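Let's walk through this structure together, one piece at a time. Keep the sequence and the 3D view open as you read.

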Amino acid sequence: MLSLLSTLVALPFLFLIPCLFITSYICFPVFLTKLLGLIKFKAARDDDDNEKRDEATCVVREEELQRELMPRHVSFILDGNRRWAKRDGLTTAQGHEAGTKRIIEIAEVCFELGIHTVSAFAFSTENWGRDKFEVKCLMSLFNHYLKSNIQYFQRKEVRVSVIGNKTKIPESLLKEIHEIEEATKGYKNKHLIMAVDYSGKFDIMHACKSLVKKSEKGLIREEDVDEALIERELLTNCSDFPSPDLMIRTSGEQRISNFFLWQLAYTELFYSPVLWPDFDKDKLLEALASYQSRERRFGCRV
Amino acid sequence: FEAIESYAITLGLNKKYGSIDLEKLRCLAVVVDIEAAQDVANVVELLQWLTTIGVKQVGLFDSQGLLKKSKDLILETVPGSMLLEEIEKDVTPDGKRIALEFISSSDNKEAVMKAANILLQRYLKSSHPEDDKGEDFFTESHLNDALRVVGENVHVPDLLLVYGPIRSHLGFPAWRLRYTEIVHMGTLKYMRYGSLLKAIHKFTGVHQNYGT
């Protein structure tokens, strides 16, 4: 469609330019010279196709995706629960409940598609600044869903890890976290990582502090500290694939918001305009199709 | 439609983009992929557009440091441009200048690693109790200070524009990206002034809750 429009726009100029050279009687409006310099319709079409995928305007079927090009680790910033609830006339608590259910549904779809690791930014350190009732509700939801899904994760052989600061997390939730991590630690093929009370800056600082302890025990020398060593001390060291290949943020916001700062260096960032509780399998397939169409170079020359 | 809209904005046909309030945009960063970084002409044109729009500070990043190597050429070619560190030392600020910063991957993880080493050395040299967990030596502000010692800028860009085929920031200094708005602009070779103006205008309307 766009190539047709671009062609229609270009055609008059293809006629006018020769005429300008043939006769001096044609008046060539000044602004058209600017327009000529800006017509790059083929490239514009290519770039626009890429942008359309972000706006979720195309429907992708599962068969269109290539299994061998699936990302190994997909990360989610689950944004939009409160706006979803407000839009539908529900309470914030109901919005968060719908969002929490969605994490497990989407994770299941990811594993079925052959993705090894799914991580979700469930609660950030900054979220402690929210209304106390909302925070309490969120902690209860996490508690409930972890407790009621232990058998589900065992049946599906999904390893569950919860990463974050954890110092402010209620005891009851800490107990559930410990239980589910223990119950699922033996599973190797599917890994769900929930980031709760997580901050990317805290993660990096925590890694630095871990190096202090190791240095004091004589396990490392000062000169041993390098990027790889820091990376091994990050909270994502529980994962076989600590750096996400694809990061999806919902609700249209285009920020990392202090999530996986170190880990996201070469991650494909996909911004979906839908609110998190509305993010379903179709939206996930669109994001994966967009990912598979990219040529990632990890900062190297090709 | 995107292309047509961009052309309309460029031609000044859309009054919404006639004037942009840049108060929120104190620092803009631009990420270019390696192929784009090899062609400095496009980068220079982009900087000239940004100067026209009124942006005062731009951080230019490419993972391999190719733009760092072309620093002198860029500074000579972009009118009113100066290195950020020189503008910061300048006691007679000139509103028409654009401050440029040249960044590469060595300013990312390698810099954090060097800063972590500085903190580790400070901690080990200090007299501290045996059970001390390093809380007084390893905070975000300590790492900020250590990064400055290493020669890094810790200013947080408000907006990061990514030019390249991939929607990734390609290793831009992670420590600085906490709340930065990240917008993918497509390839630099086919950049459009209208799209640039639209992205900056859209940013000025963004509201952040910062997690609360």
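A salt bridge here is a side-chain nitrogen of Lys or Arg within 4 Å of a carboxyl oxygen of Asp or Glu. Glu134(A) and Arg130(A) are both buried, where buried means under 20% relative accessible area, exposed means over 50%, and partly exposed covers what lies in between (1.4 Å probe, protein chains only). Salt bridges with shared partners also link Asp79(A), Arg83(A), Arg249(A), Glu253(A), Arg255(A) and Glu181(B) into one network.

Before going further, a word on the ground rules: this is a predicted model, in which local features need pLDDT of at least 70 and side-chain atom pairs count only at pLDDT 80 or more, while totals for chains, interfaces and linings use all residues. Residues are numbered from 1 along each chain as its sequence is written, chains are lettered from A and ligands numbered from 1 in the order in which they are written, and side-chain values use heavy atoms, leaving out hydrogens and water.

Over all chains, the whole structure holds 27 salt bridges. One of them joins Lys281(A) to Glu62(A), with 2.7 Å between the closest N and O atoms. Lys281(A) sits in helix H11 (residues 281-292) of chain A and Glu62(A) in the loop between helix H3 (41-54) and strand E1 (73-77), so this pair ties together parts that are 219 residues apart in sequence. Lys281(A) is partly exposed at 33% relative accessibility, and Glu62(A) is partly exposed at 32%.

Another salt bridge pairs Asp278(A) with Arg87(A), the closest N and O atoms being 2.8 Å apart. Asp278(A) belongs to the loop between strand E6 (268-271) and H11 of chain A, and Arg87(A) to helix H4 (residues 81-87), so parts 191 residues apart in sequence are tied together. Asp278(A) is partly exposed, at 26% relative accessibility.

Now step back to chain A as a whole. Chain A has 11 helices and six strands, taken as DSSP runs numbered from the N terminus (helices are H or I, at least four residues; strands are E, at least two). Of its 302 residues, 53% are buried. Contact means heavy atoms within 4.5 Å, and among the contacts in chain A with a separation of 6 or more, 78% are between residues 24 or more positions apart.

Chain A is assigned domain 1 (71-198 + 244-291) and domain 2 (199-234), with bounds from an automatic or database domain assignment. Each domain gives 10 residues to the contact. Together the domains bury about 820 Å², 66% of it on carbon and sulfur atoms; this is the accessible area (1.4 Å probe) that two parts lose on being put together, summed over both. Between domain 1 and domain 2 of chain A there are zero salt bridges.

Chain B has nine helices and six strands, and 55% of its 212 residues are buried. Its C-alpha atoms fill a box of roughly 70 × 40 × 40 Å along the principal axes. Where does His184(B) lie? His184(B) is in strand E6 (residues 181-186) of chain B, and His184(B) is buried, with a relative accessible area of 10%. The side chain of His184(B) reaches the backbone oxygen of Gly164(B) at 2.7 Å.

Technical notes
A polar contact is a pair of N or O atoms within 3.5 Å; within protein, one must be able to donate a hydrogen and the other to accept it, and residues adjacent in sequence count only if both atoms are side-chain atoms.
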